[in-house]
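Let's take a walk through this model, from charged pairs to cores to domains. Have the coordinates open as you read.

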Amino acid sequence: MQVGNGKSIVNGIAIGKIKIYKEPERIIYEGIVDDPAAEVARFEAAVEKAIDQQTVLYEKAIVDAGKDIAEVFMVHAAMLEDDDLQDSTKEIITGQKRSAEYATKVGFDNYAQMFADMDDPYMKARAADIIDIQGMVLDNLMGLDSASMQGTEPAILVADDFAPSQTVKLDKSLLLGMICIEGSSNSHTAILARSMNIPALMQCKEVQDDWDGKLAVIDGKNAVVYIEPDKDLLDTLKKRQDEDRKKEALLQELKGKPSETIDGYNVHVYANIGGPADVGAVNQNDAEGVGLFRSEFVYLNSKEEPGEEEQFTAYKRVLESLAPKLVIIRTCDIGADKTIEYMHLDKEENPALGYRAVRICLTRKPFFKTQLRALLRASAYGNLGIMFPMIISVAEVRECKEILEECRQELLKEGYKIADNIQIGIMVETPAAVFCADELAEEVDFFSLGTNDLTQYTCALDRQNAKLEPFSDTHHPAVLRAIKMTIEAGHRHGTWVGICGELGADTTLTEEFIKYGVDELSVNPKSVLPLRKAIRSIDRSKLLAK
Ligand code: PEP
Ligand code: MG
């Protein structure tokens with residue numbers, strides 16, 4: 001038996017034959033061509049087809065993995081439409097009299113290198129996207145279909161790495177598991193595997209060509225793959241797989257049941273979403289509401305700044321389809337890792353500590369007012385909460401509320417209906433907000449702890465920097481203490497307190513949060529039922545008596 005180790009993405013067990021997934025062989029003619037104009041036309045047709053393919057992938061990814069993840073294909077379409085990329089590639093065809101394939105190879109490689117040389121980790125990571133779209137254009141030019149590389153039998157696929165477009169194209173009914181020799185736990189492939197709930201190992205360096213066709217078991221919990229395990233081990237792992245499946249069925253039975261502890265302490269379990277396309281996932285997973293609608297995705301999805309009508313339509317759709325459930329929409333949290341060209345934001349030395357979120361909104365008042373007007377108008381169609389991100393002071397909250405009030409007065413004069421029960425809250429994601437929680441609680445109806453940023457700022461650990469993984473401790477006592485302090489401060493002033501960062505879904509901390517008295521946990525839709533199960537197994541009175 002051979003054993004491989006890696007970074008595990010999904011905890012389940014996958015059992016099946018290994019299929020080594022190899023890129024189609026692309027043999028590129030490097031000589032001079034007679035008819036460059038014909039090559040330009042072939043290149044244009046291949047790019048056009050690749051753009052259409054992105055739309056198909058986007059729609060498939062929405063169903064398989066959700067809107068946030070599907071967005072990568074819209075980014076790919078925009079890259080394919082990029083004039084600089086297209087012109088520099090065509091220039092190679094006409095200037096050097098080369099084939100469309102050769103020009104795509106060289107032109108896209110140059111472009112990818114340009115991204116790879118950038119300092120900003122987000123921009124650096126875009127090099128992989130260029131290589132992904134390059135593969136699609138080449139396949140279109142050469143009449144290759146990389147999807148056919150999956151084969152026709154259910155299998156555990158092994159590759160150096162999978163591009164997002166390859167992952168989405170895979171036939172899920174034949175995909176038992178994935179093993180990558182490269183790939184980080186934050187890569188798009190990992191994110192896709194996680195949301196499709198497919199056991200996957202990244203960075204498994206022991207892969208051998210002779211694994212192809214052999215029976216293998218991925219044990220996600222222990223981050224191991226066994227090749228041709230002996231009968232005893234195979235039986236044990238099969239038993240665990242059966243138990244996992246039974247657990248999944250049990251989760252489904254929790255739909256419609258309250259998220260309350262054995263002794264009747266109720267915690268609202270809400271979902272985090274990125275836009276109207278995620279409403280289906282909220283309902284499928286029986287979330288009681290939305291605790292975080294990251295409205296910046298409405299901005300990121302748009303080629304230009306979305307106007308009041310466009311935003312109103314998006315917010316109204318979510319509110320209307322989920323009414324009477326509470327939907328908390330966070331105002332635009334642009335900046336740091338989420339940059340948008342049309343915002344013309346300066347490059348900064350420390351973007352995570354920089355000009356972002358309310359700092360942008362409060363200094364670009366017309367921009368902020370457009371969103372607040374859209375939100376207020378949409379409030380008439382459901383149960384809205386408005387939440388301000390990256391708050392560090394009472395003055396900021398007051399200013400946000402004043403601008404909101406200004407918008408309300410304007411809209412009422414214009415004859416619009418506005419709900420009178422809109423809850424106002426802030427993200428508590430900076431140490432400053434934690435330390436000023438008593439004063440801030442006086443200003444708002446609710447707090448939502450953004451533990452992703454709170455951990456980054458409390459521990460001074462850049463959340464974007466993969467090199468820092470060994471130093472990061474998601475259960476750092478300072479972060480847990482900050483959460484406890486915030487909940488207690490909120491409750492002293494009648495302000496309810498939730499958690500919407502990733503930590504909220506960590507069921508190893510659910511007891512702790514319930515002990516602190518958390519009122520709400522907002523998690524990715526797939527974590528709603530496992531979290532409900534964890535809550536229902538806890539007896540809070542026993543925890544408090546300890
Ligand atoms: C957070 O910081 O925990 C959070 C929920 O916001 P985001 O991850 O969008 O920064
Ligand atoms: Mg945040």
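Which residue forms a salt bridge with Arg-492? The partner is Asp-438, and the closest N and O atoms are 3.0 Å apart. A salt bridge here is a side-chain nitrogen of Lys or Arg within 4 Å of a carboxyl oxygen of Asp or Glu. The pair links distant parts of the chain, with Arg-492 in helix α18 (residues 477-492) and Asp-438 in helix α16 (residues 437-441), 54 residues apart. Helices (H or I, at least four residues) and strands (E, at least two) are DSSP runs, numbered from the N terminus. Arg-492 counts as exposed at 54% relative accessibility, while Asp-438 is partly exposed at 27%. The cut-offs: buried is under 20% relative accessible area, exposed is over 50%, and partly exposed is in between (1.4 Å probe, protein chains only).

A quick word on ground rules: this is a predicted model, where local features need pLDDT of at least 70, side-chain atom pairs count only at pLDDT 80 or more, and totals for chains, interfaces and linings use all residues. Residues are numbered from 1 along each chain as its sequence is written, chains are lettered from A and ligands numbered from 1 in the order in which they are written, and side-chain values use heavy atoms, leaving out hydrogens and water.

Searching the whole structure turns up 31 salt bridges. In one of them, Arg-532 pairs with Asp-286, their closest N and O atoms 2.7 Å apart. Arg-532 sits in helix α20 (residues 528-536) and Asp-286 in the loop between α9 (279-284) and β10 (290-294), so the pair ties together parts 246 residues apart in sequence. Arg-532 is buried, at 1% relative accessibility.

Now for the greasy bits. The largest nonpolar core has 83 residues, and those with the most contacts inside it include Phe-388 and Tyr-315. Such a core is a set of buried Ala, Val, Leu, Ile, Met, Phe, Trp, Tyr and Cys residues joined through side-chain atoms within 4.5 Å. A second, separate core of 26 residues includes Ile-9 and Tyr-58.

Finally, the domains, whose bounds come from an automatic or database domain assignment. The chain splits into domain 1 (2-21 + 147-233), domain 2 (36-144) and domain 3 (252-545). Between domains 1 and 2, 11 residues of domain 1 are in contact (heavy atoms within 4.5 Å) with 12 residues of domain 2. Across that interface the rule finds 0 salt bridges. On the side of domain 1 that touches domain 2, α7 gives the most, with 5 residues.
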